Amino acid sequence: MARPRVLSGIQPTADSFHLGNFLGAVRQWIGMQETHDAFYFIADLHAITVHPAPAELRRRTRVSAAQLFAAGLDPERSTLFVQSQIREHSELAWVLICNTGMGEAARMTQFKDKSAKFGESSAGVGLFTYPILQAADILMYQADQVPVGADQKQHLELTRDLAQRFNSRYGPTFTVPSPYIPKEVEKIADLQDPLAKMSKSSSSPQGILEVLEEPRVLTKKIMRAVTDTGTEVVADPENKPGVTNLLRIQSALSGTPVAELEARYVGQGYGALKKDVAEVVVDAFAPIRERTEKLLSDEAELDRLLAVGARRAAAVARETMEAVRDRVGFLPVPSRPESDV
């Protein structure tokens, strides 16, 4: 029996994934290799909505890919590719844009939130059409399932609407994807502000645990993490958000339930908790950092691994776009010399 196909992407917008990315996406992706026909991509087309420097984008794209391979993504069991290397993404996005209403696009919360924050005049058209490119990413690979969090549900609904509309208007073409709800991961908070989510865009450097940081830096950040009044180590999000966050981190990385950890620290203070949290974080991240550095030291080999994924993805994308072009009424694409492909 064929496994359901899953599609997910991650933007190369930072020099390292952080703990929230690792638990919420990367570790989930690794697990789905066992149960799904997994297609994953580095979303560099999405990344240029904020105008990164070209050299920075190239570097971060490779760093993101290297971290995924280092964390356990197996090129034999899943397909990892760089979005911009598959030309059909942009072509399908245009076709879908022409089948999207202005009102639909304007209702997307990401554009509304960011344009309200920075001013509508400063928000580019790319940000406005971002969810439609995201729909193209998904529909291109005929994905059965898409991992979604609360902030992505609206975008998946748009994708489903566009697939159904296209199928109705032009004939059966796209698989209508369903949401895949990953195993729930406790929200990881900023170490310096445990009432806020750990986030690259809003947390201070001292509040984020980055996968590629040196062990001593990780340890120092955890030992300086904000805690709460009293000395009792218990999970209480309202009254002890700092301690609760540290317990959640240790539980997520060690597999030990929070209740067991609470029992372990009876009679001990916050120092013992922080020491153990630092140890489990370093044990989880140090091997990934070392493997990432090894992959980045051999750029040709890293690019070779990405080319393997790109070839697999391109084969699926070409098949989808041939069907789309035919349904829409475009003329067939003339054959090109191999050197031009």
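Helices (H or I, at least four residues) and strands (E, at least two) are, throughout this talk, DSSP runs numbered from the N terminus. On that basis, Q142 lies in the loop between helix 7 (125-140) and strand 4 (145-147). The model before you is a predicted one: local features need pLDDT of at least 70, side-chain atom pairs count only at pLDDT 80 or more, and totals for chains, interfaces and linings use all residues. Residues are numbered from 1 along each chain as its sequence is written, and side-chain values use heavy atoms, with hydrogens and water left out.

Along the principal axes, the C-alpha trace spans about 75 × 45 × 45 Å. The radius of gyration, taken over C-alpha atoms, is compared with a globule rule of 2.2 Å times the number of residues to the power 0.38. For 341 residues a compact globule would have a value near 20 Å, and the 22 Å of this chain agrees with that.

Next, the surface. Accessible areas come from the Shrake-Rupley method with a 1.4 Å probe, and for residues only the protein chains shown count as cover. The accessible surface of the chain comes to about 17100 Å², and 52% of it belongs to carbon and sulfur atoms. A residue is called buried under 20% relative accessible area, exposed over 50%, and partly exposed in between (1.4 Å probe, protein chains only). Of the 341 residues, 46% count as buried.

As to charge, Lys and Arg count as positive and Asp and Glu as negative, while His and the chain ends are not counted. The place of a charge is taken as NZ of Lys, CZ of Arg, CG of Asp or CD of Glu. There are 40 positive and 44 negative side chains, and the centres of the two sets lie 1 Å apart.

I turn now to the interior. A nonpolar core is a set of buried Ala, Val, Leu, Ile, Met, Phe, Trp, Tyr and Cys residues joined through side-chain atoms within 4.5 Å. The largest such core has 52 residues, and those with the most contacts inside it are L19, L68, L80, L209, I249 and V281. Helix 12 (residues 270-296) gives the most to this core, with eleven residues. Apart from it lies another core, of 35 residues, including F41, A43, I86 and A136.

Contact here means heavy atoms within 4.5 Å. Among contacts between residues at least 6 apart in sequence, 74% join residues at least 24 apart. Not counting residues up to four places away in sequence, L68 touches I10, F17, V26, W29, I30, I42, L73 and L80.

Some individual positions deserve attention. P12 is placed in the loop between strand 1 (5-10) and helix 1 (19-32). Is P12 buried or exposed? At 2% relative accessibility, P12 counts as buried. Beyond four places in sequence, P12 touches I42, A43, D44, A47, L57, R60, T61 and S64. The C-alpha atoms of P12 and R59, 47 residues apart along the chain, are separated by 8.8 Å.

R325 has its place in helix 13 (residues 299-328). R325 is buried, with a relative accessible area of 16%. Leaving aside neighbours within four places in sequence, R325 is in contact with E88, E91, F330 and V333.

D193 lies between strand 5 (178-180) and helix 9 (215-223), and is partly exposed at 38% relative accessible area. K200 lies in the loop between strand 5 and helix 9, and is partly exposed at 35%. Which residues does K200 contact, leaving aside its neighbours within four places in sequence? They are A14, S16, H18, I208 and E210.

Finally, backbone geometry. Most residues other than glycine have a negative phi. Q142, although not a glycine, has a positive phi of about 50 degrees. H51 likewise has a positive value, near 55 degrees. H51 is placed in the loop between helix 2 (44-47) and helix 3 (54-71), and at 69% relative accessibility counts as exposed.
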